[in-house]
Amino acid sequence: MAALTIATGTGNWFSALALGVTLLKCLLIPTYHSTDFEVHRNWLAITHSLPISQWYYEATSEWTLDYPPFFAWFEYILSHVAKYFDQEMLNVHNLNYSSSRTLLFQRFSVIFMDVLFVCCKCIDGKKVGKELTEKPKFILSVLLLWNFGLLIVDHIHFQYNGFLFGLMLLSIARLFQKRHMEGAFLFAVLLHFKHIYLYVAPAYGVYLLRSYCFTANKPDGSIRWKSFSFVRVISLGLVVFLVSALSLGPFLALNQLPQVFSRLFPFKRGLCHAYWAPNFWALYNALDKVLSVIGLKLKFLDPNNIPKASMTSGLVQQFQHTVLPSVTPLATLICTLIAILPSIFCLWFKPQGPRGFLRCLTLCALSSFMFGWHVHEKAILLAILPMSLLSVGKAGDASIFLILTTTGHYSLFPLLFTAPELPIKILLMLLFTIYSISSLKTLFRKEKPLFNWMETFYLLGLGPLEVCCEFVFPFTSWKVKYPFIPLLLTSVYCAVGITYAWFKLYVSVLIDSAIGKTKKQ
Amino acid sequence: MEKWYLMTVVVLIGLTVRWTVSLNSYSGAGKPPMFGDYEAQRHWQEITFNLPVKQWAKFINPDWIALHTSRGYESQAHKLFMRTTVLIADLLIYIPAVVLYCCCLKEISTKKKIANALCILLYPGLILIDYGHFQYNSVSLGFALWGVLGISCDCDLLGSLAFCLAINYKQMELYHALPFFCFLLGKCFKKGLKGKGFVLLVKLACIVVASFVLCWLPFFTEREQTLQVLRRLFPVDRGLFEDKVANIWCSFNVFLKIKDILPRHIQLIMSFCSTFLSLLPACIKLILQPSSKGFKFTLVSCALSFFLFSFQVHEKSILLVSLPVCLVLSEIPFMSTWFLLVSTFSMLPLLLKDELLMPSVVTTMAFFIACVTSFSIFEKTSEEELQLKSFSISVRKYLPCFTFLSRIIQYLFLISVITMVLLTLMTVTLDPPQKLPDLFSVLVCFVSCLNFLFFLVYFNIIIMWDSKSGRNQKKIS
């Protein structure tokens, strides 16, 4: 019996949580999957059947390879397992092939890779006494393992974000443990898996330069130029260089770098995705639309001058704004840089150890989400997951986290638009939201309440919004005339919340560094 | 307040698991002309809505229930509708009963109550049958649970009413009828048959008669119609058992083909007598010493006796035993978890036919993990925890060396689990030999039946050796 006890991990709550969520993921196997499923099947086929020189040129399918080389190698390794499930999926010409075995294989590969995510979250999970469910470690584990956004994006919509976030969390953990070289190495590897993590690269760069390359600070916390260590800079540079060489080397040798970069950074796509990510540009677009409607009504604008393409018709094109100035990629880049600059300055001039780094990282991710070009709504996960780590530390961070996470997760709803998945997304969202709010409230019950009346009102408004968009609207006459209204409403409503959270986080970071408190690490 | 948040989270988990299971195949999917239970339910909707025609059916797609033309109707939208009705019925009747039951449990902490609710809601058997195979068991089981709740909390009239509704919804609930009857009778006796007891008896009789009359009124118009209904409800013409089921007769049939040898009326008498003989001791004890705990355990043993010995039992009837076992989960977690695992396993051939292998495995594992972490069941295998202390003390009067009871039970558990896992693997991976095409189903039924017999003995021991001595011990300490 003792052996059985150990084997089943009696009292080990962490394994129970991890196993529980894995079983839930298995139950999600027969759910709807988006075109991303076909994308990954195509990449399996490309990497398996074609030589390296063809990988970034292959265009039989519209879903061309647009992730960095490490991900391509990952798909290549997967494809060697895939051939035991169903050989047919590896044929490049089998577009939209999805036998049940293919489905099973792909789903299981995501679940399996998530094990990596779990391992990176390894926490000592011995049985603790009565206060178990109130301990920050427990709450953090639930928030990360059972994260709603990750569940529906990875296991329903279909992507491989789990293990990538695992890598990111591991690299953050290494930085917390002062193992900077490993942290840098892991981040470099991560960058070459999915280049979206460039959003947070400035935070890494500045932090490593400031806190690792300068080995000591003056007593007042400012920089001591003499402590600059060339050895460290060079070793960091070497690590990054070696990883990049490993990744891009083969393509450099084949003279394919421009092609690779054009696949990785397709600027021909429009400012916004078909469904506007709830960022600043969503508000900008909405304002533009409102002004143009008002302008038409008040006869300030000539109807003939307005371009016909609606920004929410579902197509990804380049188009113009009518009233406000049009936005170019360069403009978004400049806006993003301006947005992240204050946090970078804080990190440089008043470094507050790994915790300050984490806040700067979250701010970078959030600012890039706010002002970036052609941002996907899924990118909000990049800000939510690091923020989870901060939320169990301070009440202020917890409140910002809850607003960000609830609105961010709600903004993912349009990803799952099929009827059978409707109860799942509502139930899981309620599950995560109720748990996160109640557990963080209990954790910080001795401090002032987490939300003021305005924030509570806003968050509660998500309920009626959902009812209107999914239950009431389809039965009204507007469904035919203005089919994009639910998407528009969702996008704008969430954009308000996310902007507010971004603003609040910025204010908190700036205030804290102005006061100059040294946070506990 | 935190308790309500956690309870809500538990209910949400239960609902999520139910809905994700319902995304899978259902009984008889794509298998004309018989289809399966899914088609049966749709057919019954067709009949009840068309004769006479009800107006509100027009709001839903009338194609789904058009008389005659909708036979075998299968579409995505219709499947969604059917699944939603099951979920709503569950949400309105069964789940509130479970939550209320767990909140009313005495002598355990809040955390344990919530963990109890989680385990009951995660019980795989009910989820797989209702949301996978497709039935509406949660309605009848929910009503029965309300009945148990009512009677345990001394709201006898409401409890009886709820139970009558349960019976009139699904006649299988008659398995539970005897314990209800005996417990209520015992209560009346205790109050004194000349005074309050008699009043209570009369009130209960009125409620029962009234609820039955109300439900059956439309069918009382003709004697022939009533008889027809009865014949449909109790199909004694269909024989001792049908298909493979984990009860005594089917297992016996493996060795001696009693179904073919004995004439019909002898089979009836045999099953009738054996059923009543096996449940008589517990029921008599309940009349003489009515107690809430005794009531629950008697529910288990009666339903189990009916399942093992009765006529025309279906494998899904094990759910009627599982519900009372869920109720005693907090008292004997180890044995209850074991029983509930076996009960799910006994339905394996049915679940495989419906292509529900993945959900079955996943939900069983989830349930097992939930029970292990909530109750630490492997630490609760001592004699006292298994409620066998008084029994083993009595046995030790004759056999002083009888000290290894809990060790035996632990080994039996291991053997049972290993056998179940092996059989599942074999059924899924291997093909049965040509001469014995039903080999694996029969083996599953046979093994389950052996387990169930063991449990019958165990539960009866608990009831019979229950605490006169226990109560005395408490008084002393």
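In this predicted model, helix 7 (residues 156-169) of chain B packs against helix 8 (residues 177-191) of chain B at an angle of about 160°, and their axes lie 12 Å apart. Helices here are DSSP runs of H or I with at least four residues, numbered from the N terminus. Axes are lines fitted to C-alpha atoms over the stretch in contact, with angles between N-to-C directions running from 0 to 180 degrees. Helix 7 of chain B is therefore roughly antiparallel to helix 8 of chain B, a label given to angles over 145 degrees. The crossing of helix 7 of chain B with helix 8 of chain B is left-handed, meaning that the near helix is turned anticlockwise from the far one by less than a right angle.

On the side of helix 7 of chain B, the contact (heavy atoms within 4.5 Å) is made by Asp156(B), Ser160(B), Phe163(B) and Ile167(B). Helix 8 of chain B contributes Ala177(B), Phe180(B), Leu184(B) and Lys187(B). Of these residues, 5 are nonpolar, 1 is polar and 2 are charged; Ala, Val, Leu, Ile, Met, Phe, Trp, Tyr, Cys and Pro count as nonpolar, Asp, Glu, Lys and Arg as charged, and the others, Gly among them, as polar.

Elsewhere in chain B, Tyr101(B) sits in helix 3 (residues 76-103) of chain B. Tyr101(B) counts as buried because its relative accessibility is 5% (buried means under 20% relative accessible area, with a 1.4 Å probe and protein chains only). Apart from neighbours within four places in sequence, Tyr101(B) contacts Leu149(B), Lys296(B) and Leu327(B). Between the C-alpha atoms of Tyr101(B) and Leu193(B), 92 residues apart along the chain, the separation is 30 Å.

Turning to chain A, Ser436(A) belongs to helix 19 (residues 421-443) of chain A. With a relative accessibility of 0%, Ser436(A) also counts as buried. Residues up to four places away in sequence aside, Ser436(A) touches Leu143(A) and Leu402(A).

Confidence in chain A is expressed as pLDDT, the predictor's per-residue value from 0 to 100. Its mean is 81, and 87% of the residues of chain A reach 70 or more. Where pLDDT is low, the predicted coordinates should not be read in detail.

Residues are numbered from 1 along each chain as its sequence is written, and chains are lettered from A and ligands numbered from 1 in the order in which they are written. Local features need pLDDT of at least 70 and side-chain atom pairs count only at pLDDT 80 or more, while totals for chains, interfaces and linings use all residues, and side-chain values use heavy atoms, leaving out hydrogens and water.

Conventions. Helices (H or I, at least four residues) and strands (E, at least two) are DSSP runs, numbered from the N terminus. Angles under 35 degrees count as roughly parallel, over 145 as roughly antiparallel, 65 to 115 as roughly perpendicular and the rest as oblique. Buried means under 20% relative accessible area, exposed over 50%, partly exposed in between (1.4 Å probe, protein chains only).
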